[in-house]
Protein chains: 2
Amino acid sequence: MVETTRRREIEAAASSLFRERGYSGTSVRDMARALDIQGASLYAHVASKQDVLGSIVDRMASRYETAADLALADVAAGPAERLAAIVRAHVAVTTDDIEQASVFVHEWRALSGERRAAIGRRRDAYEHRVRDLIRDGVDQGAFAVVDPALTAAWLLTALNGLVTWYRPDGRIAPETLAETYAELALRSVARQEDPRR
Amino acid sequence: MVETTRRREIEAAASSLFRERGYSGTSVRDMARALDIQGASLYAHVASKQDVLGSIVDRMASRYETAADLALADVAAGPAERLAAIVRAHVAVTTDDIEQASVFVHEWRALSGERRAAIGRRRDAYEHRVRDLIRDGVDQGAFAVVDPALTAAWLLTALNGLVTWYRPDGRIAPETLAETYAELALRSVARQEDPRR
DNA sequence: CCTACCGATCGGTAGG
DNA sequence: CCTACCGATCGGTAGG
């Protein structure tokens, strides 16, 4: 399937429905209705319902990966700056398209076979980058954490939790959110003020 | 519907399926098959598929609420102790039945009408308790946060993220997890080591 | 808890 | 992008 404007419109409409009702809870006819066409007409543009989900999830995975690449590209940056940068990047990708981000976070498991497995591996790799970054910070004495893997899980689930509550028309600007979340991430790895606390 | 042993078995089987495939992705016949009975036979025990989901979600909502009540019952405790207590309680409820906890977190939106609205209100109330606790801590000078509402959202989504990765047979004991998550929660509200950081 | 069955809807195809 | 249609499956009911 070639990438056309219409294809993008279909995926945008589908993302909105998948977010609201889930992939399984959305029928092909629901998707078509949102575009004012017949259910069968959708197949002039997409190979299958899975195909639509796969495109959305694949693209979002790439966006998160590319954003992380750019955030970590500054080799001179220290662990704290790097962690803050990847958090800001993650928040930016999420707020930039909250519906597709939501589908990526919640519906990737609805993919089947090799496609699902491949996304699972990419998600694991992303988590490992965060984990390794935390370990680096600990090794360099910049961070102090109880458990790098647990801290990474805490951090990434908090970040992905954005899709459950963020609204583009809400009171918080994306930039403010990115800064606050970067701050919260740094706190989770910070050396402690006072061991007596 | 009376609460019978069989009913609980049905809900346990359903929770496992709902977690794996989602509520919409699970058919009544899938549920029956897991119990080695016919699809239609399920209706001797439950009124509807929604009824099964509703029972699971309602019970888990009550468990989280009751656990929070107990955690916050000690009126002499300070903000930090209270926050740590509610986090430990939340982790304990989650790890105690990870499948039903997962259904509560991810599938409550599949409920319809008043039932969904009621759960939405209970979830909001729970989040408000955490938010108010953070505000209290700030007012008393025990905490320093950028934004209580954002910090509460960060914290609760990290807690609920447990259902996406926690495995009872994994390397982390529930008690260790509760302690580590309580520590991470405290870090998110802690006064900072050094403003120059 | 079973068999037999219901109308509705599902994802998808044929052929324009 | 349409009409017409496919077999399969959906949640649920009747009547034992």
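Partly exposed describes a residue whose relative accessible area lies between the buried limit, under 20%, and the exposed limit, over 50%. The views below come from a predicted model.

**View 1. R121(B) pairs with E114(B) in a salt bridge.** The closest N and O atoms are 2.6 Å apart. R121(B) has a relative accessible area of 49%, so this residue is partly exposed. E114(B) reaches 53% relative accessibility and counts as exposed.

**View 2. Four residues of chain A form one network.** The members are R7(A), E11(A), D51(A) and R59(A). Salt bridges with shared partners join them.

**View 3. D58(A) and R115(A) meet through their side chains.** Their salt bridge spans 3.2 Å, N to O. D58(A) sits in helix α3 of chain A, residues 49–71, and R115(A) sits in helix α6, residues 113–139, so the bridge ties together parts 57 residues apart in sequence. D58(A) is partly exposed, at 24% relative accessibility. R115(A) is also partly exposed, with a relative accessible area of 32%.

**View 4. A salt bridge joins R129(A) and D69(A).** Here the closest N and O atoms lie 2.9 Å apart. R129(A) belongs to helix α6 of chain A, and D69(A) belongs to helix α3. The pair links distant parts of the chain, 60 residues apart. R129(A) has a relative accessible area of 27% and is partly exposed. D69(A), at 41% relative accessibility, counts as partly exposed too.

**View 5. Salt bridges in the whole structure.** How many salt bridges does the structure hold over all chains? The total is 32. The pair D58(A) and R115(A) is one of them.

Notes. Residues are numbered from 1 along each chain as its sequence is written. Chains are lettered from A and ligands numbered from 1 in the order in which they are written. This is a predicted model: local features need pLDDT of at least 70, side-chain atom pairs count only at pLDDT 80 or more; totals for chains, interfaces and linings use all residues. Side-chain values use heavy atoms; hydrogens and water are left out. Helices (H or I, at least four residues) and strands (E, at least two) are DSSP runs, numbered from the N terminus. Buried means under 20% relative accessible area, exposed over 50%, partly exposed in between (1.4 Å probe, protein chains only).
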